[in-house]
Amino acid sequence: MQLKEPIGVCIVDSVGNVLHVSSGLCSLLRLRFSDSVRSLDQLVPPGAAQELREQIEYLTTSRRVHSARIHIEDRDGRALLADLWLDPGRSPASAREAEESQPSDDGLEARQQETARGPAGELTPDGPETGPEPEPAEAARGRAGGSTANSPEARPAEAAPREPEWREHNPGLPQGEAGGSLPGRTVTITLRPVHRERRLRKMHRRLGQVVARSPQAVMFLEPATHLILTANRSARRRTGYSMGELQGRPFHTLVPDELASRVQEAINRVARRESSFEVLDAAECSKEGVRYPAEIQFHYVHDPDEPGIAVISIDKRDWKAAQDVMSLAAMVFEHSREGLIITDPSGRIRFANQAFTVLIGYSYEEVAGNDARLYFRGLDGSYPPEDMWARAYHEGGMRLEFWGKTATNGPIALLVTVSPTADGGGRHDGFVVTFLDVTEQRRAQERAQFLAYHDSTTELPNREAFRRTLENHVANRAEPFAVAFINLARFKRINRHYGHITGDNVLRAIADRLRSTVPRSSACCHFGSDEFLVLLPSVRSGEEASDQVSRILDELSQPLDAGGTTFRATAQAGIALHPEHGTDPDALIQAAENGLQEAVERNVRLWTYSDEIRRRFIERITMENELRFAVEREELSLLYQPQVHLSDRRVAGHEALLRWNPRQLGPISPAVFIPVAEQSGVIHSIGTWVLHTACAERARLGSADGRRIAVNVSAVQLERSSFVEEVEHTLRGTGLPPGLLELEITESTIMRDVHNAVEILRALKGLGVGLAIDDFGTGYSSLGYLRQFPIDRLKVDASFIQDLDERGDPSGLILSIIGMANGFKVAVVAEGVETPTQEAYLRENGCAMAQGFLYGAPEPLTDTAGLGYANSRSNSGKPTYEPGVGEADGAEGGGNRGGGDPKSRR
C-alpha cells in the first residue's frame, strides 16, 4: 500500500545509541546526512529523546514486554507516533542488514495492524466493530497528566515518565537479569505522523466494512481447530445461521459429509503453510438443508499474534446465472433475425452471425477480417467515407439507411446501426453493427407514396397528381393546351351484372388503351369511378383538340378483353381549352366536366365547353340551391288533374302534379327542375312532402266518393330501402285509407332492377295501395315481366295518343297495349287526351279510363274538381270541347300544349 506520508525507521542499541537511520526518517525529520546521526538528541528534542531512552531501557530489561508506543514531537513541533520493537539477539553489526530487511510500507502497515487496530477488527453482524478512535497526540501525552515531552509547562524536568502502551512479549525469549539490559539486543523505532496513523485506522475500518458487506460469504477460522471465529453478513444469510450459531462451529459441518475430509485437508495445508491458499470446487449446505454448488477459497492470514484462515465462499449459482446469460446472449447473437457483426476499433469484422451472412450472400470465412464498410455498398457502387468509424465513435453511434446490393447483386434495403463498445476498463474496443433488412417496409412505403398520387386500380395518376401537372403547364407554358374529361357510358351495369372484379379489369384495360393512345407529351389520370382526364399539350385550336379526342374515343371503343370477357366500351368526352376556358387547374377540369355533361344531355360523343354551357351550368347550380329550400320556404304546391271512366264519364280519381314557384326565379316547369332534384338528391325531401301533402289533402275530403289520388314516385325514391315504411307511416299519419292511394312508377324505373322492383311492389301492394306503371310503351319491359308485377293499371304514354287521328291508330300500338292489358286483367289509362276524336277511338276499342286537357286543366283538389266536364254535354250526348282551356293551363306544364310536358307531373 503506497502512502504519501513517509515512515521513519531507526535502530538503536540498549543504551540508546543510534546504529542506523533510514532515508525515510531523514525525509520525515528533514535531516541531510543519515550516516552522521549517532544520537537520539540529533533526531528529536531532548525531552523526546529522554523519553525514548527510558522506553528503550525498559524494553531491553523487561521480561514480558517486547513493544511500546508513545507520542512525541519533532523539532518543528509536529506530533509523531513512535513504535518501539525489541529485536532480541540482533547485534549492532547487523544493523545494515536490519534496514535492508525492513518491510515495505505495505508490510509495515500489516505489521502495525494489531497496534493500529487495537481491540477493533472483529466482524460483527452489522459490520466491523471499529473500537475507539486512536488518541490524538495531545490526549496520549496527557494520559499521565501532562502534555508533550518537551513542553516545560506540561512536563517539568522532575516529572516521572508517562506510562507507554505496552504489549507482552512471547514467552521463551531471553530476558535481562536483575533489570539490566542484555548486551547485543537492539530496538527498532518507527516514527510516523499522528494523522497518518489515524488514516490507517480509518482505512482498516473501511476495509472491515467492505468485508462485512461483501456479496461473497467471508469467514475467519482458528487454524488449529478449524472453528469459525467470525462471519460476515453474506455468510450468515447464505447459511441461514446467526452469528452466535456460527461462532465456535467447525467449518466442515457446513459442507456435505462426503466433502468434509477434503475441506479439512485443505484447511490443514493452509494452516501448516504448505500453501498460501487452497481452492475447492465443492458444495455447501444451509441450515435448512439446501445444498448449492460453491467455490471455497482458503487463505492464510499473516498476523504475528493471531494468525488465522480466511474462507471466501462463492455461490456458483450466480456463476451459472451469468453463464446462462452469456449462453442466451450467444444464442440471441447467432439466431437473431437481424444481421449482427462485431468489429475491432478499426472496423474490421471479428464475429458475424448467420443472419448477416445470409443477408449479404457471403460466408463467415469470406467476411472475417474485412472492413465492414465493404458491405455498405449502395446501388450506385459507392461506399461510406473512410472516417465513418471515427465519426461513429465520437458521435456515440451512427444510423444509416440505403438501398444496397447482395453477393448476387440483388437490391436490398438495409437499416444499419453502428454502436461503439467498451471493455471492462472503459476502453473503446470496437463496434456492434446491426443489419436489418427493411426491403419490404421500404417497398411498402414507396408503394404508399406511389398510391398517394396514383390510382390503385389502374395505376394511372390520380386527380391530385393530374392537378399538379396542370399547375406546371399553366405556370411554365404559354402555348394553349386542352383538357378532355372522358366518361364510360353504362359502366355501372358492368359492375352490377358482372361484378366489381370484372369492372376493375375493364378499367385497367381502358387505362392501358389510354397509355398507348395519348401522345408521350400528354398526361392522363383516373379521375374516379368511370371517369378519366387527358391533358393534350400544344393544341392550337378547338378543332384540333376535337380531332385528337375523337381518335382517343375511337380507340377506346374497340373490343377489349377483361378477365376472359370481351367488352366494347362507349365513351363520351367534354373538352376545355386553356386559356380560353380557364387559367387554373380547377377551372379547366370543371369546364371539361361541364362539356361532358352537355355531350351526355345532347347524346353526342364529345362537346367543347362554351359560355352558353357555363350560363346553363350556373342556372342549374342556382336552381339546385333554391330547390334545397323550396319545402322550407313553402314554394311548392300541388295541382290535380282528373282521371275519368270512358264508359260513363265519371271521375275515377286525380293525379297530383307538382308545381314550383320560387320567389327569385319565377315559375319553373317540372320538366326542368325534377331532373335537377333527382341528380342533386333533393328529390328525397320533395318526394316525402308530395306524398304527405297529397294524402292529407285527399283525406280532408273524406272517402265516401271512392276517388283515388295518384302520386308519382321517382326512381331515386324507389331505390331507398325505407320507402315502404315511409308510405305506411304517411297513411297512418294522414288517416287516408290505403285503397284511395295509387302510386305511379315509370316503366324505365322498374326495369333498372327487376328483382328489387318486384319485391318493393309486392310490399307496397301488401299495404293495400294501388299500383300503376306510368309512361308505358317508352321503356323496355316485356310481357313476361308484366306477369311478375302486381299492378292495377297501365298508363299509355301521351306521345302515342297524339298519333290518333280520323283514321284511328296507324301503328296499331295502342290496340296492342289495350288487348294485352285486358288479357292480364289490368285497366288501361290513356294520357294526354285532348280531342273528342281521341276519346271516341279509345272508348270504342276498350280503353277503360282517360286523362288530359279534354277533361280539365290541373286545379286544386276540391269536392267538385273535374266534375265540370260531366255536366257540359250537347243534346246529342257528345262532349263540348272548348279550345284554349288546355292551352292556358298548358303553360303551367300540365299537358302537351302550350309548351307543357305531360310526363312531368310531380
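This is a predicted model: local features need pLDDT of at least 70, side-chain atom pairs count only at pLDDT 80 or more; totals for chains, interfaces and linings use all residues.
Let us start with the cores. The largest nonpolar core holds 74 residues, and the members that touch the most others are Leu 627, Leu 741, Leu 743 and Phe 789. Leaving aside residues up to four places away in sequence, Phe 789 touches Ile 750, Met 751, Val 754, Val 758, Leu 761 and Ile 773. Another core, of 32 residues, lies apart from the largest one; Cys 524, Val 539, Val 549 and Leu 553 are among its members.

| Pair | Residues | Axes come within | Crossing angle |
|---|---|---|---|
| Helix 16 and helix 20 | 463-476 and 585-602 | 9 Å | roughly 115° |
| Helix 18 and helix 19 | 500-517 and 542-556 | 10 Å | roughly 140° |

With axes crossing at roughly 115°, helix 16 is therefore roughly perpendicular to helix 20. Their crossing is right-handed. On the helix 16 side, Phe 466, Arg 467, Leu 470 and Glu 471 meet Pro 585, Asp 586 and Ile 589 of helix 20. By class, this contact has four nonpolar and three charged residues, with no polar ones.

For the other pair, the angle of roughly 140° makes helix 18 oblique to helix 19. Helix 18 also passes helix 19 in a right-handed crossing. Here Ile 510, Arg 513, Leu 514 and Thr 517 from helix 18 meet Ile 552, Glu 555 and Leu 556 from helix 19. The residues of this contact divide into four nonpolar, one polar and two charged.

Technical notes. Residues are numbered from 1 along each chain as its sequence is written. Side-chain values use heavy atoms; hydrogens and water are left out. A nonpolar core is a set of buried Ala, Val, Leu, Ile, Met, Phe, Trp, Tyr and Cys residues joined through side-chain atoms within 4.5 Å. Buried means under 20% relative accessible area, exposed over 50%, partly exposed in between (1.4 Å probe, protein chains only). Contact means heavy atoms within 4.5 Å. Axes are lines fitted to C-alpha atoms, for helices over the stretch in contact, and angles run from 0 to 180 degrees between N-to-C directions. Helices (H or I, at least four residues) and strands (E, at least two) are DSSP runs, numbered from the N terminus. Angles under 35 degrees count as roughly parallel, over 145 as roughly antiparallel, 65 to 115 as roughly perpendicular and the rest as oblique. A crossing is left-handed if the near helix is turned anticlockwise from the far one by less than a right angle, and right-handed if clockwise. Ala, Val, Leu, Ile, Met, Phe, Trp, Tyr, Cys and Pro count as nonpolar, Asp, Glu, Lys and Arg as charged, and the others, Gly among them, as polar.
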